[in-house]
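This briefing goes through a few local features, grouped by topic. Please keep the sequence and the structure in view while reading.

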Amino acid sequence: MSVSRRALAAAFAVCVVLPLSACGSGGGDGSTADASGKVEGDITFQTWNLRANFKDYFEGLIADFEKKYPGTDVKWVDQPAEGYADKISADAAGGTLPDVVNVSPDLVAPLAKAGLALDLDKAAAQYRKEYLPGAWASHRIPGMTGTYAFPWYLNTGPLFYNKTLFKEAGLDAGQPPKTYDEVFDAALEMAEKTDGKVATLANVPTIEDFGRYGVRLMNKEGDAFTFNDAKGVELLTRYKELYDAKALDPQALTATPESSGKKFLTGAVAMNPGSALDLGNFKKQAPNLYRNIGITDQITSTGHVNMYVMGVMVNARTKRAPAAVAFAHYVTDAAHQMSFAKQVAIFPSTAGSLDDPYFTKEDGTDETRVRVAAAKSLKNAVNYTPVLFSEQMKTELRNEVAKALQGKESPKEALDNAVEACNRLLQQQG
């Protein structure tokens with residue numbers, strides 16, 4: 001039940017493993033550049049697949065910054081979503097990393113360890129109070145002191161469900177499930193009533209699901225994964241029940257957010273995560289579904305939904321640190337985050353912004369209802385994906401989950417193997 005990240009073209013969670021050649025004398029210090037001094041000079045700003053839809057916004061923002069700080073010149077480069085991590089890795093290794101870089105927390109981790117991400121607790125501590133505490137903390141790295149990127153936009157989303165399918169299965173469409181146990185019970189009932197023709201879920205559990213279920217993902221020191229505990233095994237065991245009963249879509253082992261979305265559109269799946277942007281797609285592509293769409297909160301057994309975080313990092317080795325820090329702050333300050341949020345379904349990470357009427361007052365439309373509910377949930381949301389949980393680790397977990405669902409391993413064996421593999425990869429990162 002991982003929330004769709006199609007709200008923007010960029011994926012919110014990829015990880016780069018830097019080659020050893022990138023790990024120079026910085027030694028993870030992240031404080032090489034001096035951010036004091038006059039804001040001037042040429043800097044390069046790199047975004048992640050944003051030019052196609054937001055060209056005017058960023059060109060206007062850059063022009064305003066250059067007007068505010070005469071003598072500055074910001075060159076904007078935009079990289080495609082595919083291969084973004086590889087591009088950053090290559091730039092880091094080659095010494096061509098831009099001055100200001102759009103990143104996610106798990107992209108920051110290897111850069112910070114390589115001494116390439118500026119520690120903002122040292123270089124820009126005066127700005128910390130402008131951001132939500134949880135958002136500022138999202139770019140901290142276990143085992144290191146410091147914060148390595150300005151928090152930018154946040155995202156979360158609701159869970160959509162098909163009221164018609166619920167009613168046909170004898171379930172109460174007005175009282176959708178709220179916790180994992182309720183979802184599992186409803187899914188088994190749905191499968192039984194439809195002879196396995198309608199699955200409730202279309203995705204296997206991810207690390208976020210383990211977090212929302214209440215599983216302890218890492219130890220206190222942050223140097224070992226622990227999601228193979230009794231509660232983790234319990235969650236995977238329940239998913240195995242769903243898989244055997246066809247309450248989990250048979251193609252879930254290879255599902256993507258796009259394929260799951262199509263299953264939901266065609267009525268083959270009863271529930272699917274998404275964002276406010278999806279409502280427009282439903283209205284256009286599946287009007288019958290749109291007329292019978294149910295909107296509820298993300299499933300969680302902890303009381304805290306999952307949030308995704310984007311950030312803006314300053315290259316610790318920039319030759320224009322005052323300008324780079326000033327621009328990274330400018331992009332992510334309250335005024336600009338609010339203006340960006342009104343162009344696309346994302347949410348600002350700045351303190352007080354979520355109390356704006358735009359995020360608190362409904363106007364009777366489903367789009368506003370989704371936005372208001374998501375903004376409210378973000379105030380105590382958690383970024384469940386550990387910063388150090390790399391793309392390779394996600395693959396290891398997914399492969400072991402597949403083996404458990406197919407009966408090739410027990411849930412306990414599968415999670416033990418996944419944790420062992422992830423801890424081995426974690427040691428290699430160090």
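L97 touches I88, D91, A92, L111, L116, M313 and N315, where contact means heavy atoms within 4.5 Å and residues up to four places away in sequence are not counted. The model is predicted, so that local features need pLDDT of at least 70 and side-chain atom pairs count only at pLDDT 80 or more, while totals for chains, interfaces and linings use all residues. Residues are numbered from 1 along each chain as its sequence is written, and side-chain values use heavy atoms, with hydrogens and water left out.

- L97 lies in the loop between α2 (84-94) and β3 (100-103); helices (H or I, at least four residues) and strands (E, at least two) are DSSP runs, numbered from the N terminus.
- L97 counts as buried because its relative accessibility is 9%, buried meaning under 20% relative accessible area, exposed over 50% and partly exposed in between (1.4 Å probe, protein chains only).

**Strands β5 and β7**
- Strand β5 (residues 159-162) and β7 run antiparallel and are joined by 4 bridges, pairing being assigned if DSSP finds at least two bridges between two strands.
- N162 stands opposite I293 in β7.
- From strand β7 (residues 293-296), I293 and I295 point one way and G294 and T296 the other way, and all are buried.

**Helices α1 and α13**
- The contact between α1 and α13 is made by L61, I62, D64, F65 and K68 of α1 together with A323, A326, F327, Y330 and V331 of α13.
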